[in-house]
Amino acid sequence: MALRAARAGAAVLGASSLPRPGGDAEVKGRGDYVTATDRDSESAILDVLAREAPGVPVLAEERGGLRAQTMWAVDPLDGTTNFTRGFPIVGISVALLDHGRPVAGAVLAPYLRLEFTMAHGRGAFLNGERLPEHRVLDPSIAVVATGFPFRNEQLLPRYLSMLGRALGRFEDLRRAGAAALDLAWTSSSTFDGFFELGLNTWDVAAGAGLVLEVGGVVSDWAGGDTWLENGNILAASPAVHEALLELAAQAPER
């Protein structure tokens, strides 16, 4: 069901295609944009969920919603800035959450023809093929993804402290601009980990579920389980997560 809903959003993105830089976009806040494609994708996704799972609450990026013990979390176009600039790292994320845990989800990259799916206890998949367990590697040769919390300047000191330490601890870092895809690529070992501050539930729900299904570890920056609420997330293979947690402990909150 999550995959069918995400595919409905992907069909909207495919029909509109990537715009040229400078296309129409509404500014919601500093560095935060929304386009007609965001809204149309969300409508298509919500139509599927309303038809196939009537009565289940939905928390969606554009329309909002109420939190519940069991609910859908929907990001109809993750990476809107990328989209408005014609950069194809754009994702769609649909997840079913139950008691604070992703139990089913899909992350699609429609312009790259990638479909990541997961179901709790049943594994994670990329284009229908089961993803293996996270490979074991020394954190010193890990490639870790991240995202900059540029919209909230209060988070920058803590983040920049972590960033500097991560550059010295891991082989390299990547910043693609779509958290749902960063997490999905972490599940496939394209990346070995991911860290960011201040994300939203719909950004991380499905991607974190993918990481968990391949034996990865997901936590907040203190090692707790508040990442769905506050968006402060560390997700990685076990050894890399341990290294991320050590680095986060050295990054002052103020």
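**Group meeting: a walk through one predicted chain**

Okay, let's zoom out to the chain. We've got eight helices and 14 strands here. The C-alpha trace spans about 45 × 40 × 30 Å along its principal axes. For 254 residues, you'd expect a compact globule to have a radius of gyration near 18 Å, and the chain has 17 Å, so that agrees. As for burial, 52% of the 254 residues count as buried. The chain exposes about 11200 Å², with 51% of that supplied by carbon and sulfur atoms. And if you take the contacts between residues at least 6 apart in sequence, 64% of them join residues at least 24 apart.

Next up, a helix pair. Two packed helices get described by the angle between their axes and the distance between the axes. For helix α5, residues 179–187, and helix α6, residues 201–213, the angle is about 0° and the axes are 8 Å apart. Angles under 35 degrees count as roughly parallel, so α5 and α6 are roughly parallel to each other.

Which residues make that contact? On the α5 side you have Ala179, Ala180, Leu183, Ala184, Thr186 and Ser187. Over on α6 it's Asp203, Val204, Gly207, Ala208, Leu210 and Val211. Sort the residues of that contact by type and you get eight nonpolar, three polar and one charged.

Last stop is Pro252, out in the segment after α8, which covers 238–249. Pro252 has 42% relative accessibility, so it counts as partly exposed. Which residues does Pro252 contact, again leaving aside neighbours within four places in sequence? Those would be Arg158 and Ser161. Take Arg158: in sequence, Pro252 and Arg158 are 94 residues apart, yet C-alpha to C-alpha they're 5.5 Å apart in space.

Technical notes
Residues are numbered from 1 along each chain as its sequence is written. This is a predicted model: local features need pLDDT of at least 70, side-chain atom pairs count only at pLDDT 80 or more; totals for chains, interfaces and linings use all residues. Side-chain values use heavy atoms; hydrogens and water are left out. Axes are lines fitted to C-alpha atoms, for helices over the stretch in contact, and angles run from 0 to 180 degrees between N-to-C directions. Helices (H or I, at least four residues) and strands (E, at least two) are DSSP runs, numbered from the N terminus. Angles under 35 degrees count as roughly parallel, over 145 as roughly antiparallel, 65 to 115 as roughly perpendicular and the rest as oblique. Contact means heavy atoms within 4.5 Å. Ala, Val, Leu, Ile, Met, Phe, Trp, Tyr, Cys and Pro count as nonpolar, Asp, Glu, Lys and Arg as charged, and the others, Gly among them, as polar. The radius of gyration is taken over C-alpha atoms; the globule rule is 2.2 Å times the number of residues to the power 0.38. Buried means under 20% relative accessible area, exposed over 50%, partly exposed in between (1.4 Å probe, protein chains only). Accessible areas come from the Shrake-Rupley method with a 1.4 Å probe; for residues, only the protein chains shown count as cover.
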